[in-house]
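Please keep the sequence and the three-dimensional view at hand while reading.

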Amino acid sequence: MPAIEILGLTKDYAVGFWRKRMRRSLDNLSLEVNEGEIFGFLGPNGAGKTTCMKLLMGLIFPTAGTARILGRPIDDVAMHRDIGYLPEQPYFYDYLTARELLDYYARFSGFSAAERRARVTRVLERVGLASAADVQLRKFSKGMLQRAGIAQAIIHDPRIVFLDEPMSGLDPIGRREVRDIILDLKTQGRTVFFSTHILSDAEMLCDRVAVLHLGKLRGVGSPGKIVSVEVHAMEILFEPAEGHSLPPGLAQRAMPVGGRYRLELPEAALYSAFDEIRACNARILSVSPVRQTLEDYFLGLVERAPQATPPVEAGTR
Ligand SMILES: Nc1ncnc2c1ncn2[C@@H]1O[C@H](COP(=O)(O)OP(=O)(O)O)[C@@H](O)[C@H]1O
Ligand SMILES: [Mg+2]
(Lines give C-alpha, C1' and ligand atoms only; values in the text may rest on other atoms or scores of the structure.)
(Ligands and ions follow the chains in the order given, each with its own letter.)
Protein backbone atom coordinates (compact mmCIF):
# COMPACT_ATOMS: atom_id res chain seq x y z
CA MET A 1 0.00 0.00 0.00
CA PRO A 2 1.43 3.39 -0.96
CA ALA A 3 1.77 5.94 1.87
CA ILE A 4 0.12 8.65 -0.21
CA GLU A 5 -2.01 8.25 -3.32
CA ILE A 6 -3.06 11.43 -5.06
CA LEU A 7 -5.73 10.85 -7.69
CA GLY A 8 -6.51 13.66 -10.10
CA LEU A 9 -6.44 16.33 -7.42
CA THR A 10 -7.60 19.68 -8.78
CA LYS A 11 -8.16 22.98 -7.02
CA ASP A 12 -9.68 26.16 -8.40
CA TYR A 13 -9.63 29.32 -6.34
CA ALA A 14 -12.13 32.09 -6.89
CA VAL A 15 -10.21 35.26 -7.62
CA GLY A 16 -10.91 38.89 -8.44
CA PHE A 17 -12.96 41.44 -6.51
CA TRP A 18 -16.28 39.66 -7.07
CA ARG A 19 -14.69 36.23 -6.79
CA LYS A 20 -16.31 35.32 -10.07
CA ARG A 21 -13.23 34.24 -11.95
CA MET A 22 -11.66 30.92 -11.12
CA ARG A 23 -7.98 30.21 -11.21
CA ARG A 24 -6.72 26.63 -11.40
CA SER A 25 -3.92 26.25 -8.87
CA LEU A 26 -3.64 22.50 -8.99
CA ASP A 27 -4.47 20.69 -12.20
CA ASN A 28 -5.36 17.00 -12.18
CA LEU A 29 -2.39 15.92 -10.06
CA SER A 30 -1.81 12.20 -9.72
CA LEU A 31 1.10 10.92 -7.68
CA GLU A 32 2.11 8.05 -5.44
CA VAL A 33 4.50 8.19 -2.52
CA ASN A 34 5.80 4.93 -1.10
CA GLU A 35 6.09 4.16 2.56
CA GLY A 36 9.55 4.88 4.00
CA GLU A 37 10.42 7.29 1.22
CA ILE A 38 11.73 10.82 1.52
CA PHE A 39 9.75 12.49 -1.21
CA GLY A 40 10.49 16.02 -2.39
CA PHE A 41 7.75 18.15 -3.81
CA LEU A 42 9.54 20.72 -5.95
CA GLY A 43 8.36 23.76 -7.78
CA PRO A 44 8.89 27.49 -8.04
CA ASN A 45 6.79 29.85 -5.94
CA GLY A 46 3.14 29.67 -6.94
CA ALA A 47 3.46 26.15 -8.39
CA GLY A 48 0.71 24.81 -6.15
CA LYS A 49 2.74 22.95 -3.52
CA THR A 50 1.09 24.51 -0.48
CA THR A 51 -2.33 24.11 -2.07
CA CYS A 52 -1.67 20.40 -2.52
CA MET A 53 -0.47 19.99 1.07
CA LYS A 54 -3.51 21.81 2.43
CA LEU A 55 -5.78 19.57 0.36
CA LEU A 56 -4.05 16.49 1.75
CA MET A 57 -4.41 17.84 5.29
CA GLY A 58 -8.13 18.42 4.75
CA LEU A 59 -7.74 22.15 5.40
CA ILE A 60 -9.26 23.05 2.03
CA PHE A 61 -11.45 21.01 -0.29
CA PRO A 62 -10.68 19.84 -3.81
CA THR A 63 -12.58 21.04 -6.87
CA ALA A 64 -12.09 17.56 -8.29
CA GLY A 65 -10.13 14.43 -7.56
CA THR A 66 -9.29 12.74 -4.33
CA ALA A 67 -6.40 11.33 -2.34
CA ARG A 68 -5.73 8.54 0.09
CA ILE A 69 -3.23 8.51 2.91
CA LEU A 70 -2.26 5.07 4.23
CA GLY A 71 -5.16 3.70 2.27
CA ARG A 72 -7.71 5.95 3.95
CA PRO A 73 -9.59 8.91 2.48
CA ILE A 74 -8.26 12.37 3.39
CA ASP A 75 -11.46 13.32 5.20
CA ASP A 76 -11.03 10.39 7.60
CA VAL A 77 -10.34 12.17 10.91
CA ALA A 78 -8.85 9.09 12.57
CA MET A 79 -6.17 8.94 9.88
CA HIS A 80 -4.75 12.19 11.27
CA ARG A 81 -3.27 10.28 14.20
CA ASP A 82 -0.81 8.81 11.74
CA ILE A 83 0.30 12.04 10.09
CA GLY A 84 2.14 15.15 11.19
CA TYR A 85 2.18 18.52 9.45
CA LEU A 86 4.43 21.55 9.50
CA PRO A 87 2.65 24.43 7.72
CA GLU A 88 4.56 26.85 5.52
CA GLN A 89 4.32 29.74 7.94
CA PRO A 90 3.49 28.31 11.32
CA TYR A 91 2.44 30.76 13.97
CA PHE A 92 3.25 29.97 17.57
CA TYR A 93 2.36 32.03 20.57
CA ASP A 94 5.58 33.89 21.41
CA TYR A 95 5.40 33.78 25.16
CA LEU A 96 5.24 30.01 25.43
CA THR A 97 8.39 28.03 26.00
CA ALA A 98 9.24 25.20 23.61
CA ARG A 99 8.26 22.70 26.29
CA GLU A 100 4.87 24.37 26.85
CA LEU A 101 4.19 24.57 23.12
CA LEU A 102 4.88 20.88 22.61
CA ASP A 103 2.89 19.88 25.67
CA TYR A 104 -0.01 21.80 24.18
CA TYR A 105 0.24 19.89 20.89
CA ALA A 106 0.70 16.56 22.70
CA ARG A 107 -2.66 17.15 24.40
CA PHE A 108 -4.37 16.90 21.00
CA SER A 109 -3.21 13.32 20.81
CA GLY A 110 -4.73 12.54 24.19
CA PHE A 111 -1.55 11.48 25.98
CA SER A 112 -1.51 11.38 29.80
CA ALA A 113 0.52 14.04 31.65
CA ALA A 114 3.35 11.59 32.33
CA GLU A 115 3.39 10.40 28.70
CA ARG A 116 3.42 14.00 27.50
CA ARG A 117 6.36 14.89 29.70
CA ALA A 118 8.35 11.95 28.40
CA ARG A 119 7.44 12.62 24.76
CA VAL A 120 8.20 16.34 24.95
CA THR A 121 11.62 15.69 26.46
CA ARG A 122 12.38 13.06 23.84
CA VAL A 123 11.26 15.13 20.87
CA LEU A 124 13.14 18.23 22.05
CA GLU A 125 16.23 16.09 22.18
CA ARG A 126 15.60 14.75 18.69
CA VAL A 127 15.38 18.20 17.14
CA GLY A 128 18.32 19.55 19.12
CA LEU A 129 16.34 21.89 21.36
CA ALA A 130 16.86 20.16 24.70
CA SER A 131 18.94 23.03 26.07
CA ALA A 132 16.35 25.59 24.95
CA ALA A 133 13.34 23.70 26.31
CA ASP A 134 12.43 26.38 28.83
CA VAL A 135 13.22 29.40 26.70
CA GLN A 136 10.33 31.46 25.34
CA LEU A 137 9.81 31.10 21.61
CA ARG A 138 10.18 34.86 21.09
CA LYS A 139 13.88 34.39 21.85
CA PHE A 140 14.27 31.61 19.30
CA SER A 141 16.16 32.05 16.04
CA LYS A 142 14.37 31.23 12.79
CA GLY A 143 16.13 27.87 12.66
CA MET A 144 15.14 27.02 16.23
CA LEU A 145 11.52 27.98 15.53
CA GLN A 146 11.52 25.75 12.49
CA ARG A 147 12.84 22.86 14.58
CA ALA A 148 10.16 23.52 17.19
CA GLY A 149 7.65 23.36 14.33
CA ILE A 150 9.01 20.02 13.23
CA ALA A 151 8.93 18.78 16.83
CA GLN A 152 5.24 19.70 16.90
CA ALA A 153 4.69 17.66 13.73
CA ILE A 154 6.35 14.52 15.10
CA ILE A 155 5.39 14.61 18.79
CA HIS A 156 2.88 11.78 18.29
CA ASP A 157 5.26 9.61 16.21
CA PRO A 158 3.28 9.83 12.98
CA ARG A 159 3.97 7.41 10.14
CA ILE A 160 3.96 10.20 7.57
CA VAL A 161 5.35 13.67 8.09
CA PHE A 162 4.32 16.53 5.79
CA LEU A 163 6.66 19.51 5.85
CA ASP A 164 5.85 22.60 3.79
CA GLU A 165 9.12 24.39 2.91
CA PRO A 166 10.94 23.27 6.08
CA MET A 167 14.24 24.84 4.99
CA SER A 168 13.12 28.11 3.52
CA GLY A 169 14.56 31.19 5.15
CA LEU A 170 17.20 29.21 7.02
CA ASP A 171 20.94 29.76 6.88
CA PRO A 172 23.18 26.85 5.80
CA ILE A 173 23.56 25.61 9.37
CA GLY A 174 19.82 25.73 9.95
CA ARG A 175 19.20 23.87 6.70
CA ARG A 176 21.71 21.23 7.65
CA GLU A 177 19.97 20.73 10.99
CA VAL A 178 16.60 20.29 9.32
CA ARG A 179 18.12 17.87 6.80
CA ASP A 180 19.53 15.78 9.64
CA ILE A 181 16.13 15.63 11.32
CA ILE A 182 14.52 14.47 8.07
CA LEU A 183 17.19 11.79 7.57
CA ASP A 184 16.67 10.66 11.15
CA LEU A 185 12.95 10.27 10.44
CA LYS A 186 13.75 8.08 7.46
CA THR A 187 16.04 5.92 9.58
CA GLN A 188 13.07 5.37 11.84
CA GLY A 189 11.05 4.12 8.90
CA ARG A 190 8.84 7.20 8.56
CA THR A 191 7.67 8.62 5.28
CA VAL A 192 8.55 12.26 4.73
CA PHE A 193 6.78 14.38 2.12
CA PHE A 194 8.27 17.84 1.98
CA SER A 195 8.03 20.75 -0.39
CA THR A 196 10.88 22.99 -1.37
CA HIS A 197 12.05 25.32 -4.07
CA ILE A 198 15.70 24.69 -3.16
CA LEU A 199 16.95 21.84 -5.28
CA SER A 200 20.24 21.24 -3.49
CA ASP A 201 18.30 20.26 -0.37
CA ALA A 202 16.13 17.91 -2.36
CA GLU A 203 19.11 16.35 -4.11
CA MET A 204 20.79 15.57 -0.85
CA LEU A 205 17.76 14.04 0.79
CA CYS A 206 15.16 12.69 -1.54
CA ASP A 207 14.63 9.20 -2.83
CA ARG A 208 12.28 10.69 -5.38
CA VAL A 209 10.96 14.09 -6.30
CA ALA A 210 8.00 15.43 -8.19
CA VAL A 211 8.26 18.71 -10.06
CA LEU A 212 5.23 20.92 -10.18
CA HIS A 213 4.87 24.01 -12.34
CA LEU A 214 1.76 26.16 -12.71
CA GLY A 215 -0.29 23.49 -10.96
CA LYS A 216 0.79 20.73 -13.32
CA LEU A 217 3.05 17.77 -12.69
CA ARG A 218 6.12 18.07 -14.90
CA GLY A 219 8.21 15.12 -13.82
CA VAL A 220 8.61 12.39 -11.22
CA GLY A 221 11.68 10.35 -10.41
CA SER A 222 14.98 10.30 -8.59
CA PRO A 223 16.52 13.79 -8.32
CA GLY A 224 19.42 12.81 -10.57
CA LYS A 225 17.06 11.62 -13.25
CA ILE A 226 15.00 14.79 -13.17
CA VAL A 227 17.51 17.56 -13.05
CA SER A 228 20.99 16.40 -13.88
CA VAL A 229 20.13 14.48 -17.00
CA GLU A 230 22.29 16.72 -19.07
CA VAL A 231 25.75 17.63 -17.91
CA HIS A 232 26.40 20.58 -20.14
CA ALA A 233 30.05 21.09 -19.46
CA MET A 234 32.97 20.30 -17.20
CA GLU A 235 34.82 22.68 -14.98
CA ILE A 236 38.49 22.53 -14.05
CA LEU A 237 39.84 24.53 -11.17
CA PHE A 238 43.62 24.89 -11.23
CA GLU A 239 46.44 26.84 -9.65
CA PRO A 240 49.45 28.06 -11.67
CA ALA A 241 52.88 27.02 -10.41
CA GLU A 242 54.63 29.53 -8.16
CA GLY A 243 56.11 32.34 -10.28
CA HIS A 244 54.76 30.94 -13.54
CA SER A 245 52.25 32.68 -15.72
CA LEU A 246 49.81 30.83 -17.93
CA PRO A 247 50.48 30.37 -21.64
CA PRO A 248 48.33 32.84 -23.60
CA GLY A 249 46.11 30.10 -25.09
CA LEU A 250 45.06 28.96 -21.61
CA ALA A 251 44.99 32.43 -20.04
CA GLN A 252 42.50 33.52 -22.66
CA ARG A 253 40.01 30.79 -21.89
CA ALA A 254 40.36 30.47 -18.12
CA MET A 255 38.79 32.87 -15.68
CA PRO A 256 40.94 34.03 -12.76
CA VAL A 257 39.31 33.56 -9.34
CA GLY A 258 41.30 34.45 -6.24
CA GLY A 259 44.73 33.35 -7.46
CA ARG A 260 43.29 30.28 -9.15
CA TYR A 261 41.77 29.70 -12.54
CA ARG A 262 38.46 28.26 -13.57
CA LEU A 263 38.11 26.72 -17.00
CA GLU A 264 34.76 25.63 -18.35
CA LEU A 265 34.80 23.37 -21.37
CA PRO A 266 32.92 20.58 -23.13
CA GLU A 267 33.61 17.10 -21.80
CA ALA A 268 35.35 16.11 -25.04
CA ALA A 269 37.97 18.83 -24.58
CA LEU A 270 38.82 17.76 -21.04
CA TYR A 271 41.87 15.63 -21.70
CA SER A 272 43.64 18.05 -24.01
CA ALA A 273 43.11 20.74 -21.36
CA PHE A 274 44.73 18.44 -18.76
CA ASP A 275 47.78 18.24 -21.02
CA GLU A 276 47.93 22.02 -21.41
CA ILE A 277 47.66 22.51 -17.66
CA ARG A 278 50.31 19.92 -16.96
CA ALA A 279 52.64 21.42 -19.57
CA CYS A 280 52.80 24.70 -17.63
CA ASN A 281 53.25 22.94 -14.27
CA ALA A 282 49.93 24.17 -12.92
CA ARG A 283 48.17 22.05 -10.32
CA ILE A 284 44.63 20.77 -10.88
CA LEU A 285 42.52 21.36 -7.78
CA SER A 286 39.24 19.92 -8.94
CA VAL A 287 37.35 18.68 -11.96
CA SER A 288 33.59 18.70 -11.76
CA PRO A 289 30.57 18.60 -14.01
CA VAL A 290 28.79 21.90 -14.45
CA ARG A 291 25.41 20.88 -13.14
CA GLN A 292 22.22 22.31 -14.30
CA THR A 293 20.81 24.26 -11.38
CA LEU A 294 17.22 24.22 -10.30
CA GLU A 295 16.99 27.74 -11.59
CA ASP A 296 18.13 26.62 -15.06
CA TYR A 297 15.72 23.76 -14.88
CA PHE A 298 12.78 25.91 -13.90
CA LEU A 299 13.61 28.53 -16.50
CA GLY A 300 13.71 25.71 -19.01
CA LEU A 301 10.28 24.57 -17.88
CA VAL A 302 8.84 28.03 -18.30
CA GLU A 303 10.37 28.52 -21.72
CA ARG A 304 9.53 25.09 -23.06
CA ALA A 305 6.19 24.61 -24.72
CA PRO A 306 3.63 23.22 -22.28
CA GLN A 307 3.08 20.13 -24.41
CA ALA A 308 6.69 19.01 -23.91
CA THR A 309 6.75 16.36 -21.22
CA PRO A 310 9.86 15.60 -19.18
CA PRO A 311 10.32 12.12 -17.70
CA VAL A 312 7.46 10.73 -15.67
CA GLU A 313 7.83 7.24 -14.29
CA ALA A 314 5.44 4.68 -15.64
CA GLY A 315 2.37 4.33 -13.49
CA THR A 316 2.41 7.83 -12.03
CA ARG A 317 0.23 9.41 -14.67
N1 LIG B 1 -6.61 31.20 -0.98
C2 LIG B 1 -6.25 31.47 -2.23
N3 LIG B 1 -7.06 32.19 -3.05
C4 LIG B 1 -6.71 32.46 -4.33
N5 LIG B 1 -5.56 32.03 -4.91
C6 LIG B 1 -4.72 31.30 -4.14
C7 LIG B 1 -5.00 30.99 -2.77
N8 LIG B 1 -3.97 30.25 -2.28
C9 LIG B 1 -3.09 30.13 -3.30
N10 LIG B 1 -3.53 30.75 -4.41
C11 LIG B 1 -2.84 30.77 -5.72
O12 LIG B 1 -2.60 29.44 -6.12
C13 LIG B 1 -1.34 29.33 -6.75
C14 LIG B 1 -0.51 28.28 -6.05
O15 LIG B 1 -0.16 28.75 -4.77
P16 LIG B 1 0.60 27.85 -3.69
O17 LIG B 1 -0.10 26.56 -3.56
O18 LIG B 1 0.74 28.69 -2.47
O19 LIG B 1 2.00 27.63 -4.41
P20 LIG B 1 3.43 27.23 -3.80
O21 LIG B 1 3.22 26.72 -2.41
O22 LIG B 1 3.95 26.21 -4.75
O23 LIG B 1 4.26 28.48 -3.81
C24 LIG B 1 -0.72 30.71 -6.73
O25 LIG B 1 -0.97 31.30 -7.97
C26 LIG B 1 -1.47 31.42 -5.63
O27 LIG B 1 -1.54 32.79 -5.87
MG1 LIG C 1 4.06 27.27 -0.66
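Two strands are said to pair if DSSP finds at least two bridges between them. Helices (H or I, at least four residues) and strands (E, at least two) are themselves DSSP runs, numbered from the N terminus. This is a predicted model, in which local features need pLDDT of at least 70 and side-chain atom pairs count only at pLDDT 80 or more, while totals for chains, interfaces and linings use all residues. Residues are numbered from 1 along each chain as its sequence is written, and chains are lettered from A and ligands numbered from 1 in the order in which they are written.

The protein chain contains 10 helices and 14 strands. Along the principal axes, its C-alpha atoms fill a box of roughly 75 × 50 × 45 Å. Of the 317 residues in the protein chain, 35% are buried; a residue is buried if 20 or more other C-beta atoms lie within 10 Å of its own, exposed if 12 or fewer, and partly exposed in between, with C-beta atoms placed from the backbone.

Strands of a sheet pair through backbone hydrogen bonds, either parallel or antiparallel. One open sheet has four strands in the order E2-E1-E4-E5, with antiparallel pairing. Its edge strands are E2 and E5 (72–73), each of which pairs on one side only. Strand E4 (residues 64–69) is joined to E5 by two bridges, and these strands run antiparallel. Here Arg68 stands opposite Pro73 of E5.

Within this sheet, strand E2 also holds Asn28. Most residues other than glycine have a negative phi. Asn28, however, has a positive phi, near 50°. Asn28 counts as partly exposed because it has 15 C-beta neighbours inside 10 Å.

Which residues surround ligand 1? The shell consists of Tyr13, Val15, Arg23, Ser25, Gly43, Asn45, Gly46, Ala47, Gly48, Lys49, Thr50 and Thr51, where a residue is near a molecule if its C-beta atom, placed from the backbone, lies within 6 Å of it. Strand E1 (4–15), strand E2 (21–33) and helix H1 (49–56) each supply at least two residues of this shell, and H1 gives the most, with three residues. By class, the shell has three nonpolar, seven polar and two charged residues; Ala, Val, Leu, Ile, Met, Phe, Trp, Tyr, Cys and Pro count as nonpolar, Asp, Glu, Lys and Arg as charged, and the others, Gly among them, as polar.

A second open sheet has six strands in the order E6-E7-E8-E3-E9-E10, and its pairing is mixed. E6 and strand E10 (216–221) stand at the edges with a single partner strand each, so one side of each is left without a neighbour in the sheet. Neighbouring strands of this sheet are turned by 15° against each other on average, direction ignored. Axes are lines fitted to C-alpha atoms, for helices over the stretch in contact, and angles run from 0 to 180 degrees between N-to-C directions.

Although E6 is an edge strand, both faces of E6 (residues 83–86) are covered: Ile83 and Tyr85 on one side, and Gly84 and Leu86 on the other, are all buried. Four bridges join E6 to strand E7 (residues 160–164) in a parallel arrangement, and Leu86 stands opposite Leu163 in E7. E7 in turn runs parallel to strand E8 (residues 191–196), to which five bridges join it; the bridge partner of Asp164 in E8 is Ser195. The loop between E7 and helix H5 (172–187) contains Glu165. Glu165 also has a positive phi, near 50°, and counts as buried because it has 22 C-beta neighbours inside 10 Å.

Helix H2 (residues 98–108) and helix H3 (residues 113–126) pack at an angle of about 125°, with their axes 9 Å apart. That angle makes H2 oblique to H3, since angles under 35 degrees count as roughly parallel, over 145 as roughly antiparallel, 65 to 115 as roughly perpendicular and the rest as oblique.

E12 and E13 form a hairpin with two residues between them, and Gly258 in the turn has a positive phi of about 55°.
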